[in-house]
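Welcome! Please take a moment to look over the sequence and the 3D structure, and then read on for a short tour.

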Amino acid sequence: MTFPAPRPRLPQFPNEQFRKLECKQGAVRAVRFNVDGNYCLTCGSDKTLKLWNPHRGTLLKTYTGHGYEVLDAAGSCDNSQICSCSGDKTIILWDVATGQLVRKYRGHGGKVNCVQFNEESTVIISGSIDSLIRCWDCRSRKPEPIQILDEAKDGISSVKVSDHEILSGSVDGRVRRYDLRMGQLFADFIGSPITSVCFSRDGQCTLSSSLDSTLRLLDKETGELLGQYTGHKSEQYKLDCCFNESDTHVVSGSEDGQVYFWDLVEGSQAATLNVGKGVVQSLNYHPTHSCLLVATEGTVQLWGDQTYAAEMQTAT
């Protein structure tokens with residue numbers, strides 16, 4: 001006797017706010033989970049970088065050393081180091097445990113908008129308003145970058161890194177993908193200035209956000225446009241976009257104080273979160289759970305669904 005297959009579980013969205021972090025950093029420019037989602041980084045307009053346990057709402061450490069507002073940060077694969085970038089044209093490598101500055105990299109001709117580690121956390125990749133992507137060897141004491149990617153015609157707004165690829169978005173309206181193994185460059189023309197790019201979690205697609213209030217899903221290999229997502233407002237600010245933890249939905253902040261969710265395949269708007277009156281400039285999804293960090297004005301909010309609520313209750 002055979003039984004019918006169980007109905008698929010309806011998608012869950014982070015619909016309950018569990019924490020609100022008063023960061024006291026001025027405006028929070030970016031919020032990022034670490035590699036396993038246990039901690040997060042907040043980048044402030046007051047020149048500080050802070051490390052938090054967002055699930056408990058506790059501040060763990062403050063890093064100071066930049067001369068201007070901190071614009072982006074990333075944690076290493078083993079959680080031992082952090083890299084950050086700033087409007088002061090520098091990138092800093094930090095030791096997590098001691099809070100000490102390990103190395104400062106200079107060379108960009110303007111503010112550095114975005115920064116990422118490679119998969120082994122041996123190289124830092126930075127993108128700047130000077131239209132250049134620079135790659136810095138963390139193990140070397142040499143001040144020069146080991147590689148410079150100069151194909152963009154305007155400022156670099158976003159970079160993401162896979163095991164062998166660098167994905168970048170530029171104000172020149174193009175999404176570029178560098179295949180480091182093959183030594184090839186692939187470029188897709190969007191037309192409107194790009195504010196954020198990311199890979200899907202399965203590595204098959206790319207997502208980009210632009211200042212025409214549209215998110216676009218592209219096939220990574222062919223560049224085919226697979227979907228467009230509209231309804232939010234993105235006309236003036238650099239806003240983040242991402243996939244949820246299971247690649248079923250795409251997510252974006254908005255200038256109207258909301259977070260928008262769209263069905264990846266159908267393109268229909270699936271849910272919204274009303275997080276405040278200010279611009280939702282940065283957001284970041286937990287790597288494995290239906291849990292979302294949202295930065296608006298000077299605060300960071302942690303949102304989760306019913307599953308996350310049960311886990312929180314068990315943990316406490």
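## Before we start

Two residues are said to be in contact when heavy atoms of theirs lie within 4.5 Å. Please also keep in mind that this is a predicted model.

## The overall picture

The protein has one helix and 28 strands. Its radius of gyration is 19 Å, close to the 20 Å that the globule rule gives for 316 residues, so the protein is as compact as a globular protein of that length. Along the principal axes, the C-alpha trace spans about 65 × 45 × 45 Å.

If you look at contacts between residues at least 6 apart in sequence, 42% of them join residues at least 24 apart.

Of the 316 residues, 54% count as buried. The protein exposes about 14,200 Å², and carbon and sulfur atoms supply 47% of that area.

## A closer look at asparagine 284

Now let us visit a single residue. Asparagine 284 sits in strand 26, which covers residues 280–285. Its relative accessible area is 18%, and buried means under 20%, so asparagine 284 counts as buried.

Which residues does asparagine 284 touch, leaving aside its neighbours within four places in sequence? They are Val31, Arg32 and Phe33, together with Cys291, Leu292 and Leu293. With phenylalanine 33 there is a further detail to find: the side chain of asparagine 284 reaches the backbone nitrogen of phenylalanine 33 at 2.7 Å.

Methods
Residues numbered from 1 in each chain as written. Predicted model: local features only at pLDDT ≥ 70, side-chain atom pairs only at ≥ 80, totals over all residues. Heavy atoms only, no water. Helix = DSSP H or I, 4+ residues; strand = E, 2+ residues; numbered from the N terminus. Rg over C-alpha atoms; globule rule 2.2 N^0.38 Å. Buried < 20%, exposed > 50% of the residue type's maximum accessible area, 1.4 Å probe, protein only. Areas by Shrake-Rupley, 256 points an atom, 1.4 Å probe, with all protein chains shown as cover. Polar contact = N/O pair within 3.5 Å; in protein donor to acceptor, adjacent residues only side chain to side chain.
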